[in-house]
Amino acid sequence: DRLLARSRAVLGEATVSGLSDSFAKEMNEASAQLRQMQRLFFVSVALLLLGAGIVLDAFPWLSNIVRIAKVEAPKSGDALAIAIYLLENFLRTLTFLLAPLILLIYAARRYIELFRMKAHYTYKYTVAASLPGFKLEAPTYAEAITASAFKELLFNPGDSVGKPEEAVEKSGNSFLQRLIEPLVKKAMDKMGAVSE
């Protein structure tokens, strides 16, 4: 019985260690991707500023290297000719700046998604890594602590990708929640009975 109890404890510690290692790996991968997106964001800002400078003819020395079509101003003061001239200038500028602008929007959105995912994995890693210590410090509440930790670890950080922050919920896996939530409730009820 003593050996079985010890082997269960070792298995539980190995499970928690594996979870925290897995979360740490995901957290580090998200950090590396976050740095890449940060660099891409700064490159896209530089390209956008360079493109705007070229369109506004702020770099005359570049006019021999990079040529963009110039639209001639209308000779007459006709309102339609002026409107067409302004529209052509707008489309020319937009066409030239569209690629760096799309790259900037992509890098900013991806950076936000990766930042959120890294924060989720950091949270999960912290919960998983601190679980054995909490159980040692409060052995009376070990079952409740474990159940609460499992409940916190059920949500999938990938579910938050591409959603606005206010729409992101820690919804988790509904099948696992149905299995674990009664255990969590039972453990919490037991914890309440012990504290009384």
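## A buried arginine and its surroundings in a predicted model

R92 is buried (under 20% relative accessible area, with exposed meaning over 50% and partly exposed in between, for a 1.4 Å probe and protein chains only), yet R92 has no salt bridge, and E88, the nearest side chain of opposite charge, is 8.4 Å away. Here Lys and Arg count as positive and Asp and Glu as negative, while His and the chain ends are not counted. A salt bridge is a side-chain nitrogen of Lys or Arg within 4 Å of a carboxyl oxygen of Asp or Glu.

This is a predicted model, in which local features need pLDDT of at least 70, side-chain atom pairs count only at pLDDT 80 or more, and totals for chains, interfaces and linings use all residues. Residues are numbered from 1 along each chain as its sequence is written, and side-chain values use heavy atoms, with hydrogens and water left out.

R92 is found in helix α2, residues 79-137. Helices are DSSP runs (H or I, at least four residues), numbered from the N terminus. The R92 side chain makes a polar contact with the side chain of N89 at 3.3 Å; such a contact is a pair of N or O atoms within 3.5 Å, where within protein one must be able to donate a hydrogen and the other to accept it, and residues adjacent in sequence count only if both atoms are side-chain atoms.

One salt bridge is found in a search of the whole structure. E113 forms a salt bridge with R110, with 3.4 Å between the closest N and O atoms. The two residues are three apart in helix α2, so about one helical turn separates E113 and R110.

| Residue | Relative accessible area | Class |
|---|---|---|
| E113 | 16% | buried |
| R110 | 25% | partly exposed |
| L104 | 17% | buried |

L104 is also found in helix α2. Leaving aside neighbours within four places in sequence, L104 is in contact (heavy atoms within 4.5 Å) with F41, S44, V45 and L48. L104 and L48 are 56 residues apart along the chain, and their C-alpha atoms are separated by 8.0 Å.

The protein chain averages a pLDDT (the predictor's confidence in each residue, from 0 to 100) of 75, and 72% of the residues score at least 70. Where pLDDT is low, the predicted coordinates should not be read in detail.
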